[in-house]
Structure formats: C-alpha cells, structure tokens
Amino acid sequence: MAPSLPTSILLLLAVAFTVAAATSTSPPAPEDGIRVVSAEKRIDLTGPIVKVYLTLKVHNQATGSDASHVLIAFTPVEAQHLAIVKATRAEGKRKKKVYMPLPVEPIDLAANAPDGARLYSVSLSAPLRPSETTTMEVFYVLTHTLEPFPAEITQSESQLVYYRDSAVLLSPYHVLEQVTYVKMPSNRVESFTRVDPTARSGPEVKYGTYKDQLPYAYSPILVHHENNHPFAVVAELVRKVEISHWGNVQVTEQYKLKHGGARHKGVFSRLEYQSRQSISGASSFKNLLARLPPRVHSVYYRDEIGNISSSNLRTDSHKSELEFEPRYPLFGGWHCTFTIGYGMPLQDFLFESEDGRRFANLTFGCPLLNTVVDDLTIKIVLPEGSKSPQAVVPFLTEQHLETSYSYLDVVGRTTVVLKKKNVVGEHNVPFQVYYEFNPVFMLAEPLMLISAALLFFVACIAYLHMDLSIGKSQAS
C-alpha cells in the first residue's frame, strides 16, 4: 500500500535534512579538476628547527568547477610536530607581483585520506576558475623532528642527527612535476637515501625531478648529517604582564630551559671546555640572546641562587637585546631555570579604540632566538576594576580568566590567561587585549593610602589625649 501524501512529504524532508547536515559537517574534498603542475619543496635543516618551503603551481582543468580551496597533506608524524603553517598566493605579474596571505585551517580528521594523512585547507582569496593557473607559497615549521644519533655523545664529539621525510610531495592531487631540496648545515653528511634521480652538491641534496606522481604518493628518505647547533628547548615559559595605568608595564618571565640534543655522557672537563672551545662541547651553548621591546628599563636576570651578573643589555629606539649566560654551559639533557624581568613605558603599549575601550598591544611568543617552547603561558594582569576583557590572537590558543591579587587590591585584578604548546619564532606576532575601565578606579588606592594615614594620625591624637593612669593625682 502506497504511503499517504503527508508521510511522503515527511520522508522527503527527513532525507533532505540528513543530506544537508552531512554536507555541512563533512570536510572539504579535493577538487576533481585540480592538478599540481609543478612543485618545489625546500627543506632547511641548518638549524635546530626544520623549516619547509613549498612552491606549488596549481591548475584547474577545463572540465572542473570553480575551486575555492586547495588542500595540503601531512603525515601523522608531521602533523604531531607541526608548529605553524602559512600560505600566500601570487597575484599580479612580474614587477607588480604581490603575495597575498591565505587562511589555513585543519579539516576534520575523519577525512578518508590514506595512511592517516592529515589535511589542511588553504582558502583562496578568489576562486580558481576552470583553465586557470595560480602559484602558491606554503611555509611550515616542524619541531622535535631531528633525532640525535647516536643518542649520547662525549664532550669532544660532534652531534649527528637523523631526519626523515619523503622524496616526493605528499599531496591529495596528481603532481605532474616536482623536485625536493634538502639543505644541511655543513658538508659532513654521513648518509642519505637515494631515490633516483638524486644528486648532492656540498651540504645540499637534490631529489628529482620526478614526473606524474599519483595522489598520496610517498617515498621515504633518511638523511644522517652533522648538526652542532644548540637545541635550546624551553620546557615551560610563564610570562606575567602587569598593566598599571600609573605609567608602567611590568613583565616577569620564568623559564625552564633544557638542551634537547644528544645527551652528554662521561665527565665534564671545564679545562678542556675553556681551552678548546671550537672542538670541545661544539653542540653545547653557554649564552642566549633575547629580543626585548624597545625602551625597556629596570632589567634583571636571576635564578634560585640570586642575581646573575653575566649579562649585557643593548638598547636603541627600535629594539633591545639582552645577551646573557647561565651559570654553567648546557650540554644535551642538562636543565636550568631562571627569571627575566623588565619594565616598559605604558604609552608605548596601551591605546584607546574607537568604541572607547582600552587595549594593550603586546607580542606573543618567546623573546629567546632559535628556541622551541613546549608549553607557553601568558598572563595579562589588568588594572583593578577592568571589565569585559577580550584577547585577539591571530591563531588558536587556549584562553580563560582568573583573578590576581596584589598590594592594596580589594576585589582583585582580572587576569587574561593564554596558553599554547609548540611555540616557535614565527609566533612572535602582535596581539591585543581589549577591556573596559572606569578612571574612577584609579582613585581607589590613593584614597586608601590617604584614609590609612588619616586614621593613623587620628589614633595618635586620641592616644596623646587619653589618660591611661590607674590612680588619680593628689591636689596640691
């Protein structure tokens, strides 16, 4: 028996709703007409952090539809160590060519990519129409991917590391032509995988050119080379920024630093380290450089024992550089903790928006150069009486609010807490914290001090006029 008309309409509506819901929640699929005409991949291994530069020439076939996004793929291991991804698109021709930044977002991990590949979607500023070609630049940073081998070395040995990747580009699209360059910090290359055609020129290895690679093609390679750059890793950094409307911004940074390279074995010889610095402890580091904001003042550097005098501060109108030394050189596996503090003029960082709110323009990330921060926490302590705080950060962070108490506080200070893992130098970008503030609250602390002083004098006057004797004096 055929269903009645109302039942048929309900069934059709239910099916349509299910399809619409599945379409809205499913991740973007690779465009059928997209082809990568040429791909150039440059892997920079000259430092402790791996930086990869991709140049993709993407073509939309005549039979395809308008493409609003392009997908890039990473292996599960790369996705785990991925710190940041940036993409730009070339617009214009020759001298008028400019590169416009493009938003990059990870898509649903439930996408049916083979071998667990993780996909990121690059949204194009203008759709790529059929028969059109565009050039994209993709840059990403990988941390903790250089594996020390051997895992332990003596004081006089050089540090050797492994790097694993693919000779061909992992892509969800058909790649017509591609080449990969791997650049090492020195000419000492112990071994590298050969995937013909392969050529080496000094510290650089070239893989390719390879043609007509299928989607998700992968050809593993292993490069074993020397890398004596210090692997400075900040296991935890807690930065506290206290904003005072009386004219100062106080910053306190607490570091837990370690050397993430090959672990040191054997006995440490100070004499050998001092007399043969070019050979002994080549991968260790004994000084660090921090880029601080301009016009800093009252800079200090100390640890649990006390103040450390082995530091040098250079300031000018554009930047401030603090070069300092820990109490002892750091070898692989060694740790140290220290604190850096400084003040900044309020007028350089606090402004007023068009809607009347105040906002602090600060810098995210870590001021130490060539370091990786495993766990970063930034606490922005706003003046007492601040309301409706809002942090605007150009990338995803964990945010929450808490209350801090300091001298003469009554209700406490609203504190914006930002947390992020796997932070590198490319995260050192400005961010803003907006909040509402009534200037009347600036009178709270002075009134408390004045009231306390008045009460003290009143108490003194009352004490002087009180007769605290037990017996009465005899009349003469």
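This is a predicted model: local features need pLDDT of at least 70, side-chain atom pairs count only at pLDDT 80 or more; totals for chains, interfaces and linings use all residues.
**The cores**

Select Val138, Tyr140 and Tyr207, which touch the most other members of the largest nonpolar core, a set of 53 residues. A nonpolar core here is a set of buried Ala, Val, Leu, Ile, Met, Phe, Trp, Tyr and Cys residues joined through side-chain atoms within 4.5 Å; buried means under 20% relative accessible area, exposed over 50%, and partly exposed in between, with a 1.4 Å probe and protein chains only. Strand 3 contributes the largest share of this core, six residues; strands (E, at least two residues) and helices (H or I, at least four) are DSSP runs numbered from the N terminus. A second, separate core of 47 residues includes Tyr301, Ile308, Phe349 and Ala391.

Now centre on Tyr207, whose contacts (heavy atoms within 4.5 Å) include Ala167, Val179, Phe192 and Ile221, when residues up to four places away in sequence are not counted.

**The largest cavity**

Next select Leu54, Ala73, Tyr140, Leu169 and Leu170, which lie nearest the centre of the largest cavity among its 21 lining residues. On a 1 Å grid over the protein atoms alone, a cavity is a set of points where a 1.4 Å probe fits but cannot get out, whereas a pocket is an open set with protein on both sides within 12 Å along at least five of seven lines, and lining residues have an atom within 4 Å of a point. The volume of the largest cavity is about 180 Å³, where a volume is the space filled by probe spheres set on the grid points, which are joined across faces, edges and corners. Strand 3 gives the most to this lining, with four residues.

**The largest pocket**

Move to Ala83, Ile84, Phe395, Leu396 and Lys420, which lie nearest the centre of the largest pocket, lined by 33 residues and with a volume of about 900 Å³. Strand 4 supplies the largest share of that lining, seven residues.

Select Arg291, Leu292, Pro293, Thr363 and Pro367, the closest to the centre of the second largest pocket among the 23 residues that line it. Strand 26 gives the most to this lining, with three residues.

Leu292 stands opposite Ser320 in strand 23.

**Glu236**

Finish at Glu236, which is found in strand 17 and is partly exposed, with a relative accessible area of 29%. Glu236 touches Gln254, Tyr255, Lys256 and Asp375, not counting residues up to four places away in sequence. The C-alpha atoms of Glu236 and Thr337, 101 residues apart along the chain, are separated by 9.7 Å.

Notes: Residues are numbered from 1 along each chain as its sequence is written. Side-chain values use heavy atoms; hydrogens and water are left out. Two strands pair if DSSP finds at least two bridges between them.
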